[in-house]
Amino acid sequence: MAVTEVSSEAELHALCDNKTRLIVLLFWAPWHPPSENMTKVLSVIAQKQPSVTFAQANADVCPGLASQYGADEVPFVVFCGSKGQKIDTLAGADPPKLVEKVSFLASRPASELTAAVVATPKDDITEKLKELTAASDVMLFMKGSKVEPFCKFSKEAVALLNKYSAEYSTFDILEDKEVREQLKEYSQWKTYPQLYIKGKLIGGIDIMKEYDEDGELEEMLPKAEAKLEDRLKELLNKEPVMLFMKGCPDEPRCGFSGKIVGILNEHSVKFGTFDILSDEEVRQGLKTYSNWPTYPQLYSRGKLIGGIDIVRELAEEGSLLEELSGTGM
């Protein structure tokens, strides 16, 4: 079976019909050799799995579709059910793992795939939950993220933690149905949000409020070595010119990051970089700090210059070097 190129949600759903059980969608980019190689791997797998529908999408051509499925890097594979619902994902260029996942999902009954979750053996999910609850000293399982909470209670929990400048990580339970359901049994706590400190359940929003009123919540939270804002300021001023991007200059992980690196190199600009895919706290926090929702972001002496569109415009006008003047290029 051939691999279909899609560029929109409508084209993806056009592949769904009563006979479709599983759709494997690869997000790739022509400027990224590993992801381009994955398109060839996908074609080979497609020939051996005639019951599966295979599709690929250029992440630069359809950023909206990529965002919808959480594809913030390439290559990124999404496994979808008959109605386009996300079942599983695979990030990075890992052909053996791709073959393994396709074979496993293709062998599952249709009833399991339409549930939008692949069942994991009980021992495996228990181990996974142990790792997740202890992934950070302070873990908040919530609806949405600390930047964009999706319910009133999650928003209140974030506000309480931010009140004490707590250093914490979050897990969006809306993104993983298996974790959302199994964590309720694991913790014996039926609602969200749920707060864990050093792997131990503290409770939900009502318990957090009680501890806060008693003056105990602040004492329970591990002391952060530095506030996020201080850390961001330090990173912004690490070099005279700093680029916050996906990946690194030698291996950018998105087309826009690759283009802005190219512009800076063309103008012989010396610059430092930070891979925002390596640190979720910085990635989300910098959006709020700079009031700029997308990446890449270019800074000069700690001041935001802008993203790819502004940098391209400055370069075309011949004013990029002037904007970055006095930065030791």
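Where does Asn 291 lie? Asn 291 sits in the loop between α13 (280-290) and β14 (297-300), and a few notes on the rest follow.

1. A word on the basis. This is a predicted model, in which local features need pLDDT of at least 70, side-chain atom pairs count only at pLDDT 80 or more, and totals for chains, interfaces and linings use all residues. Residues are numbered from 1 along each chain as its sequence is written, and side-chain values use heavy atoms, with hydrogens and water left out.

2. Overall layout. The chain splits into domain 1 (4-114), domain 2 (125-220) and domain 3 (227-325), with bounds from an automatic or database domain assignment. The centres of domain 1 and domain 2, taken over C-alpha atoms, are 32 Å apart.

3. Helices (H or I, at least four residues) and strands (E, at least two) are DSSP runs, numbered from the N terminus.

4. Tyr 69 deserves a look. Tyr 69 is in the loop between α3 (63-68) and β4 and is buried, at 4% relative accessible area (buried is under 20%, exposed over 50%, partly exposed in between, with a 1.4 Å probe and protein chains only). Beyond neighbours within four places in sequence, Tyr 69 contacts Leu 12, Phe 27, Phe 76, Val 78, Cys 80, Gly 84 and Lys 86, where contact means heavy atoms within 4.5 Å.

5. Two cis peptide bonds to check. One runs from Val 74 to Pro 75, with omega near -5°, and Pro 75 is also in the loop between α3 and β4. Another joins Tyr 192 and Pro 193, with omega about 10°; Pro 193 lies in the loop between α8 (177-187) and β8 (194-197).

6. Positive phi values. Ser 268, not a glycine, has phi of about 55°; Ser 268 is in the loop between α12 and β13 (272-275) and is exposed, at 56% relative accessible area. Back to the opening residue: Asn 291, also other than glycine, has a positive phi near 55° and is exposed, with a relative accessible area of 67%.
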